[in-house]
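Subject: Structure handover

Hello,

Here is the structure for you to take over. My notes on it follow below.

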Amino acid sequence: MLRLEKRPQPSAAWGWATPVLAVALTMVAGGILFAALGKDPFAAIKMIFWDPLFNPQFASYSRPQLLVKAGPLILIAVGLAIGFRAGIWNIGAEGQYIIGALCGAAVALAFFPSPGWYIFPLMVLAGAFGGWAWAMIPAILKTRFNTNEILVSLLLVYVAEKILAAMATGRMRNPDGAGFPGSRNIAQYPAASNPELIANSGMHWGVVTAFIAVIFAYILLHKHILGYQVQLAGQAPRAARFAGVAPARLVVLCLGLSGALAGLAGLFEVAGPARMISIDFNVGYGFTAIIVAFLGRLHPVGIVLAGLLMALTYIGGELAQFMLGLPSASIQVFQGMLLFFLLAFDVLSNYRIRFARAEAA
Amino acid sequence: MIDLSSINPVVLAAALMVAATPILLAAIGELVVEKAGVLNLGVEGMMITGAVTGFAVAVMTRDPYLGLLAAAVGGATISLIFAVLTQVMMANQVASGLALTLFGLGFSALLGQGFVGVSPPRTPRLDFGWLTELPVIGPILFRHDPMVYVSLILVAAVWYFLNYSRGGRILRAVGENHEAAHALGYNVRRVRILAIAFGGACAGLGGAYLSLIRVPQWTEGMTAGAGWIALALVVFSSWRPWRVVLGAYLFGGIIVLQLNLQAAGFRIPVEYLAMSPYLVTILVLVVMSSGRARKTLAAPGSLGRPFHASG
């Protein structure tokens, strides 16, 4: 019989090894899935993980996409990870992302077509504010009324989606757009656009912000008293209270920070790669970022690697969809499986597996 | 102009029961899971899995009841992933539940590809003879498909099980204080795995009710947050089975009312009416978890805490 024995300290070695192991096993399980769908598993896995980067036919298009997709994922995941460490579960980043984009776009559309230099900075502020404000709803309900932040933040995603639909077909609809839903093209409005900074690199202001956020989060979590408080609140809430950590303040801070970052991600997306507000503007970055945060072990550096990997599955998945006719949902399944394996293998870092004799029941 | 006269209260009340049934089914299952001390946030994922498996089997066999059965099996099966993760691998319940939802949404989209735009076999309504012919009461209470009544019988059964059976007392003991239950010799892990599977089966049924009876069609992501509303409903009910019915019918009422207002050409844009069920859910959560109401909430003592028998 196998028996689990709790480790006094989580194993650091397994902590690094489990994400790698989880990715490897997801590839195997994914291969089986693709085979079951009647596709060549080896070709599909190669198409997803190798061809976007190294196949001369696709790489010129795919490589820049890596940063375009990884940027928002990393930006959102870094914020979420800080909260997750403290046991504060913001799972509504998708909603904060939408509201951030809407606020930023509102600024751009309000100033259209004036050329002021201040418009883009104002949009950035509005985006961060929008995401922050949307995240403040669960935060304040949590601290004031003890309402579960998981349910509230998630339910607000659906509300945000409805607001997005109302805006895309109503207030923000392009007046010159012949009645089609969707706003003006913000990316083509020079004072408001978030352009590619270096040609063919995929680098835009959102990616820059993501890397700044990673550095900031690293310092916050590992060099600052607040990081210690976050850690303490997550692992020993009672001890944290004795140590003078105000739980309410931490909730407001963690939710606000992750909300603002998600809002920024939305703003950079709408002014850049997505180009405009449309009904299907959000593509699930807010949810995938949850997987990124866990895959990166809630560590800023890990999140960068995890974000790049998840971006790769998006790009490779699109490629496989196009080239092999792999259904688009299979990538979502793939990402879900990755999270399963990751959570399952965490047992190895927290527990030791022992072979127990039958008598020890 | 608003044409409120087009809203018929009898039709409204009848539609309310149908609209409430999927969340009622999912919520009564989750109530049992939470009573056993486990927080499974994967309700949405299990519902949508049930919705697609039920739909697929019903279409292929042309039998809605086989479809519903398959949905229960499908929901229970996928819930076992969560059970293994949290009960065997000791993984975090919040994260595992989320994983189940994310996976379920993708998996169902994959399975459902060939079924978009297909119509399922009809589920016949029950005929109660003269009861069905009664004015007002007939159409409201006695002219539904069997699942409406099954869901109510299920609630009664859960209520009886939790309060009056030995198994129910063991389940509640496990949920209130797993250390004590373990010390008394009860198998905490087994009780919890069974509860999770039951919750999965109920959520699967709820999902299939959506795709086979209420809508009836298969579309990607068709549960649209119903699983999360069911989770909120359990909090609303203070973990009491009959209050789940009350809550579910309340929500059913809101869903139906906003649909009717949309149809009546109410001057508010459709999108704002469509967000009302989510906003009301949040409002209810706030009222239930704040101040005086909180003391009567009575969440199970070990809810969400992992249990590992050492030694």
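**Salt bridges**

A:Lys142 and A:Glu149 are joined through their side chains by a salt bridge, with N to O at 3.1 Å; the term stands for a side-chain nitrogen of Lys or Arg within 4 Å of a carboxyl oxygen of Asp or Glu. This is a predicted model, in which local features need pLDDT of at least 70 and side-chain atom pairs count only at pLDDT 80 or more, while totals for chains, interfaces and linings use all residues. Residues are numbered from 1 along each chain as its sequence is written, chains are lettered from A and ligands numbered from 1 in the order in which they are written, and side-chain values use heavy atoms, with hydrogens and water left out.

A:Lys142 is partly exposed, at a relative accessible area of 26%, whereas A:Glu149 is buried at 5%. For these words the cut-offs are under 20% relative accessible area for buried, over 50% for exposed, and partly exposed in between (1.4 Å probe, protein chains only).

Over all chains the structure holds 5 salt bridges. Another of them is between the side chains of A:Lys46 and A:Asp51, at 3.2 Å from N to O. A:Lys46 has 43% relative accessibility and so counts as partly exposed; A:Asp51 has 4% and counts as buried.

A:Arg297 also forms a salt bridge, with A:Asp346, and the closest N and O atoms of that pair are 2.7 Å apart. The pair links distant parts of the chain, 49 residues apart: A:Arg297 is in the loop between helix 12 and helix 13 of chain A, and A:Asp346 is in helix 14 of chain A. Helices (H or I, at least four residues) and strands (E, at least two) are DSSP runs, numbered from the N terminus. A:Arg297 counts as partly exposed, at 30% relative accessibility.

**Where chain A meets chain B**

How many residues of chain A are in contact with chain B? There are 42 of them, and they are in contact with 45 residues of chain B, where contact means heavy atoms within 4.5 Å. The area buried between chain A and chain B is about 3700 Å², and carbon and sulfur atoms give 81% of that area. Buried area here is the accessible area (1.4 Å probe) that two parts lose on being put together, summed over both. A:Leu151, A:Leu155 and A:Phe340 supply 18% of what chain A buries against chain B, more than any other three residues.

The polar contacts between chain A and chain B come to 2 residue pairs, both at pLDDT 80 or more. A polar contact is a pair of N or O atoms within 3.5 Å; within protein, one must be able to donate a hydrogen and the other to accept it, and residues adjacent in sequence count only if both atoms are side-chain atoms.

On the side of chain A that touches chain B, the elements giving two or more residues are strand 1 (2-6), helix 6 (119-145), helix 7 (149-169), helix 12 (285-295) and helix 14 (329-350) of chain A. Helix 7 of chain A gives the largest share, 14 residues.

The largest nonpolar core has 223 residues. Such a core is a set of buried Ala, Val, Leu, Ile, Met, Phe, Trp, Tyr and Cys residues joined through side-chain atoms within 4.5 Å. Among the residues with the most contacts inside it are A:Met123, A:Phe294 and B:Trp228. Leaving out residues up to four places away in sequence, B:Trp228 touches residues of chain A including A:Leu151, A:Leu155 and A:Tyr158, and residues of chain B including B:Leu41 and B:Leu98. Apart from that core lies another, of 8 residues, among them B:Leu12 and B:Leu261.

B:His178 is in helix 9 (residues 178-183) of chain B and is buried, with a relative accessible area of 1%. Its side chain makes a polar contact with the side chain of B:Arg192, at 3.1 Å.

A:Gly316, in helix 13 (residues 300-324) of chain A, is buried with a relative accessible area of 0%. The C-alpha atoms of A:Gly316 and A:Pro52 are separated by 5.9 Å, although the two residues are 264 residues apart along the chain.

Regards
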